[in-house]
Amino acid sequence: MSDEMENIGAKRESAAKENKGLTIRDLVLTAILLAAGAVLKFFVGSVINFFGMKPNFIIAMYCMAIVLIRPKVWEAAVIGLLAGAICQFFPGTPWLNFLSEFFGAIVMALLIKIQLPKIGKKVDIMPMLATFISTVVSGGIYATFLLVVIKSTPEALAAYVPIVGFTALINCIIVQVLYYPLKATLK
């Protein structure tokens, strides 16, 4: 079993060196995480509802996928578009998630390439920070365009700030908690 895992890891490194892009394993992992995000959003998102604020598990899961597979920026953009397509099945503003998740995924792909010093040489906080910032970008774009479409006031935009901040906080916690077990499982 250990030899199999080493062979899988060697194949992944070889594919990355040859710059061929995502592997089948990467695509399957992304699909599973996006599906899990949709299921969590549908079933758990309604239960965990604080003052109208719901965690967006789809954002957390595409951030998790990007952290684990480290795609190129254009590949992350495609992941964001897929996440936006999944969001179309939930109530909200049609088509707006395509834009917000597209840019959220691009920001995530760019940020995750930054190497920060680890805390205690073990804890990598970049997944958490990148997820927080990516969620703020995604939610900020969504809220801004939503308010432009309905021609609302700046006060209404200010009301979205805590919603986006709360969602970003929940998402970064989810990603940080899941990062190490999933990373270990993929090795």
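Figure 1. The model is a predicted one, in which local features need pLDDT of at least 70 and side-chain atom pairs count only at pLDDT 80 or more, while totals for chains, interfaces and linings use all residues. Residues are numbered from 1 along each chain as its sequence is written, and side-chain values use heavy atoms, with hydrogens and water left out. Y180 is partly exposed, at 31% relative accessible area. Two rings of Phe, Tyr or Trp (its six-membered ring) pair if their centres lie within 6.5 Å; planes under 30 degrees apart count as stacked, over 60 as edge-to-face and the rest as tilted. By this rule there are three aromatic pairs. One of them is W95 with F98, which is stacked, at 5.3 Å centre to centre and 20° between the planes. W95 is exposed, with 62% relative accessible area. The ring centres of Y179 and Y180 are 4.9 Å apart and their planes stand at 70°, so this pair is edge-to-face.

**Figure 2. The chain and its largest nonpolar core.** Of its 187 residues, 40% are buried. A nonpolar core is a set of buried Ala, Val, Leu, Ile, Met, Phe, Trp, Tyr and Cys residues joined through side-chain atoms within 4.5 Å. The largest one has 33 residues, and I58, Y62 and I66 have the most contacts inside it. The elements giving two or more residues to this core are α2 (24-43), α3 (57-69), α4 (73-87), α5 (96-111), α6 (126-149) and α7 (154-186). α3 gives the most, with 13 residues.

**Figure 3. The surroundings of Y62.** Contact means heavy atoms within 4.5 Å. Apart from its neighbours within four places in sequence, Y62 touches L34, I79, A83, S100, E101, G104, A105 and S138. Across the protein chain, 70% of the contacts with a separation of 6 or more are between residues 24 or more positions apart.

**Figure 4. The crossing of α3 and α5.** The two axes come within 10 Å and cross at roughly 35°; axes are lines fitted to C-alpha atoms, for helices over the stretch in contact, and angles run from 0 to 180 degrees between N-to-C directions. The crossing is right-handed. A crossing has that hand if the near helix is turned clockwise from the far one by less than a right angle, and is left-handed if anticlockwise. I59, Y62, C63, I66 and V67 of α3 meet S100, E101, G104, A105, M108 and A109 of α5. Eight residues of this contact are nonpolar, two polar and one charged. Here Ala, Val, Leu, Ile, Met, Phe, Trp, Tyr, Cys and Pro count as nonpolar, Asp, Glu, Lys and Arg as charged, and the others, Gly among them, as polar.

**Figure 5. R70 and P71 in the loop between α3 and α4.** R70 is not a glycine, yet has a positive phi of about 50°. R70 is partly exposed, with a relative accessible area of 33%, whereas P71 is buried, at 1%. Leaving aside neighbours within four places in sequence, P71 is in contact with L22, I66, A76, I79, A109 and K113. P71 and L22 are 49 residues apart in sequence, and their C-alpha atoms are 6.9 Å apart in space.

Key: Buried means under 20% relative accessible area, exposed over 50%, partly exposed in between (1.4 Å probe, protein chains only). Helices (H or I, at least four residues) and strands (E, at least two) are DSSP runs, numbered from the N terminus.
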